[in-house]
Amino acid sequence: MDSARQMDLVMQRTDAAMREARRLSGHIVFDGKLQPALTAETFEVENPATGAVIGKAPRCGAADVDQVVRSAQRAFESWRRVSARERGALLLKAADLLEKEAEALAQLSSLETGNALATQTRGEAATMVDIFRFFGGLAGEMKGMTVPRADGVFLYTKREPMGVVGAIIPWNAPLMQTATKTGAALAAGNAVVLKTAEQAPLAVLRVFELLQGVLPAGVANVISGFGTEAGQPLCEHPLVRKVTFTGSSATGARILHAVADKIVPVTAELGGKNPNIVMADADIERAAKGVIAGLRLQRQGQSCTAGTRIYLHADVYEPVMERVLAAIPTFRIGNPLDEATQVGSIISREQLARVERYVAMARETDGAKILIGGERPSDLALKDGYFYTTTLIEGVPPASPVCRDEIFGPVATVARWTDFDQVIAEANDSTFGLAAVLWTENLRAAFDFIDRMDAGFVQVNQFAVAEANIEYGGTKLSGTGRELSVESLVNHFTWSKTVIVNTAAQ
Ligand code: ADP
């Protein structure tokens, strides 16, 4: 495509997504339709690639939460009695409907998140559809057990839906998070009230508007607002019987405190600072590609799974780094709606400032050296957006916050190692325990690594991310509970009732 036509296409996409953003502005979805919230207060939604305001979302508070949760509770009373396979069939229909709108959803998501259409949001929209299908297919799998006792005594367990599920999601992959939480909640017979992230409420709002075309009124609801004003009241609402949250560890802890008094289960998918370790015997080309994959450039590193602590064995440090440093500049940073763009913009001014703070900290650290990046791109066309170049830093001491904190941006540290026990100890010396990856041709080392890593998602010779049927979740400050598997659905979205029916004569 010549560049004039390409620019034209970007303009068309931007205009269409902006129109949709304006149409959705000021609304939430409950009681089966897109409608205004009780509150007249709104907050602005920005296009992070330009800094321009693209829409407004209701700044819901406790009164909105109460209204929507009560509506969801009424819908739950009927939804729980819909047969499990029928609920599944409705989710499959929902998936078909979302699939038809996937491209428009992806473009709207790119407009508000800064994630590139070609490398992130288009694939994410497909994953969203896939996750709804996955849970639609599992709706009939909410099985209990029968327990041997005695003739005439029937002892069994039955899985019950929980009621209204409060779901709270972040901004980095909102379509996927929506499917993960909503698909599971609904398949199990719950109703859901989801609160979108402040930075990216619109594409998810459109998803919920579409869901109303298929699902009974009131079972799938979405609100917008700030964490403490809308998120916390949602968690604390007495009719919310389960909370499923993805976001930072600090907020996860706050939510666990907030629901402690009413004793409800919480699934918390939190942060990560994940080691990506290359051994001396690794296939160099494959490992270099794996280091790049771990940087999660399609989301500007804003991924909890990202391999942001890179440990390269001294024997392969140079050849791996040579390939990685040569590959990074080939990823094109640009307008997220441009088909040629592979890396978009960081989500917000605040998040960009956070990235810059950590890079500045590294610059002031003795012995630390920025190998690539460490600045905003020079392209003037990108100057108003929150773009940042992919940044690798070596020589950062393990105790530095640059090595320990989840920066949540395109920044990773690189370290040289020689002793396997020591690198495993260092990899585990983290408050997080989400993902870990090893590159090796040595089977014994691979299993040693698997056994010894304190992380919920461990991979050898590949860097994949969560998807349907790849169970996902962490340990330590990375969270509690699991998602995206049949077990996670049964264990975390239903509760078990023990039943004894005694038909014996005596
Ligand atoms: P991030 O740094 O990724 O924005 P947060 O954990 O702050 O991570 O936000 C993730 C989600 O949690 C957002 O939807 C946000 O509004 C919500 N949130 C923030 N604080 C609270 C809170 N105290 N209670 C409930 N939800 C919250």
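Student: How do the residues lining the second largest cavity divide into nonpolar, polar and charged?

Tutor: Keep in mind that this is a predicted model. The second largest cavity holds about 70 Å³ of space, and 14 residues line it, with G272, T308, E406, I407 and F408 nearest its centre. Sorted by class, that lining comes to 5 nonpolar, 6 polar and 3 charged residues.

Student: And the largest cavity, what volume does that one have?

Tutor: The structure holds 5 cavities of 30 Å³ or more. The largest cavity has 16 lining residues, and those nearest its centre are M176, Q177, C304, A466 and Y472. By class, its lining has 6 nonpolar, 6 polar and 4 charged residues. Its volume is about 180 Å³.

Student: Which helix gives the largest share of the lining of the largest cavity?

Tutor: Look at residues 174-187. M176 and Q177, both among the residues nearest the cavity centre, fall in that stretch. The stretch supplies 3 residues of the lining, the largest share, and it is helix 6.

Student: Where does the largest cavity lie relative to the domains?

Tutor: Check who contributes to its lining. Domain 1 (13-270 + 479-496) gives residues, and domain 2 (275-468) does too. Both domains line the largest cavity, so it lies between them: domain 1 and domain 2.

Student: Now the open spaces. Which residues are closest to the centre of the largest pocket?

Tutor: The largest pocket has about 1000 Å³ of space. It has 42 lining residues, and the ones closest to its centre are W171, F245, G247, S248 and T251.

Student: Which elements give two or more residues to the lining of the largest pocket?

Tutor: At the domain level, domain 1 (13-270 + 479-496) and domain 2 (275-468) each give at least three residues to this lining. By class, the lining has 17 nonpolar, 16 polar and 9 charged residues. The elements with two or more lining residues are helix 8 (227-236), strand 10 (240-246), helix 9 (249-260) and helix 12 (349-363).

Student: What gives the largest share of the lining of the second largest pocket?

Tutor: That pocket has a volume of about 490 Å³ and 28 lining residues, with M7, V10, N335, A381 and L382 nearest its centre. Helix 1 (3-24) and helix 4 (102-113) each supply at least two residues of the lining. The largest share, 7 residues, comes from helix 1.

Student: From which domains does the lining of the second largest pocket draw at least three residues each?

Tutor: By class, this lining has 12 nonpolar, 10 polar and 6 charged residues. The domains that each give at least three residues are domain 1 (13-270 + 479-496) and domain 2 (275-468).

Student: On to the cysteines. How many disulfides does a search of the whole structure find, and how far from C235 is the nearest cysteine sulfur?

Tutor: The search finds 0 disulfides. C235 is in none, and the nearest cysteine sulfur to it belongs to C60, at a distance of 14 Å.

Student: What about C304, is that one buried or exposed?

Tutor: C304 is in no disulfide either, with the nearest cysteine sulfur, that of C235, 18 Å away. For burial, the cut-off is under 20% relative accessible area. C304 has 12%, so it counts as buried.

Definitions and conventions. Residues are numbered from 1 along each chain as its sequence is written. This is a predicted model: local features need pLDDT of at least 70, side-chain atom pairs count only at pLDDT 80 or more; totals for chains, interfaces and linings use all residues. Side-chain values use heavy atoms; hydrogens and water are left out. On a 1 Å grid over the protein atoms alone, a cavity is a set of points where a 1.4 Å probe fits but cannot get out, and a pocket is an open set with protein on both sides within 12 Å along at least five of seven lines; lining residues have an atom within 4 Å of a point. Grid points are joined across faces, edges and corners, and a volume is the space filled by probe spheres set on the points. Helices (H or I, at least four residues) and strands (E, at least two) are DSSP runs, numbered from the N terminus. Ala, Val, Leu, Ile, Met, Phe, Trp, Tyr, Cys and Pro count as nonpolar, Asp, Glu, Lys and Arg as charged, and the others, Gly among them, as polar. Domain bounds come from an automatic or database domain assignment. A disulfide is a pair of cysteine sulfur atoms within 2.5 Å. Buried means under 20% relative accessible area, exposed over 50%, partly exposed in between (1.4 Å probe, protein chains only).
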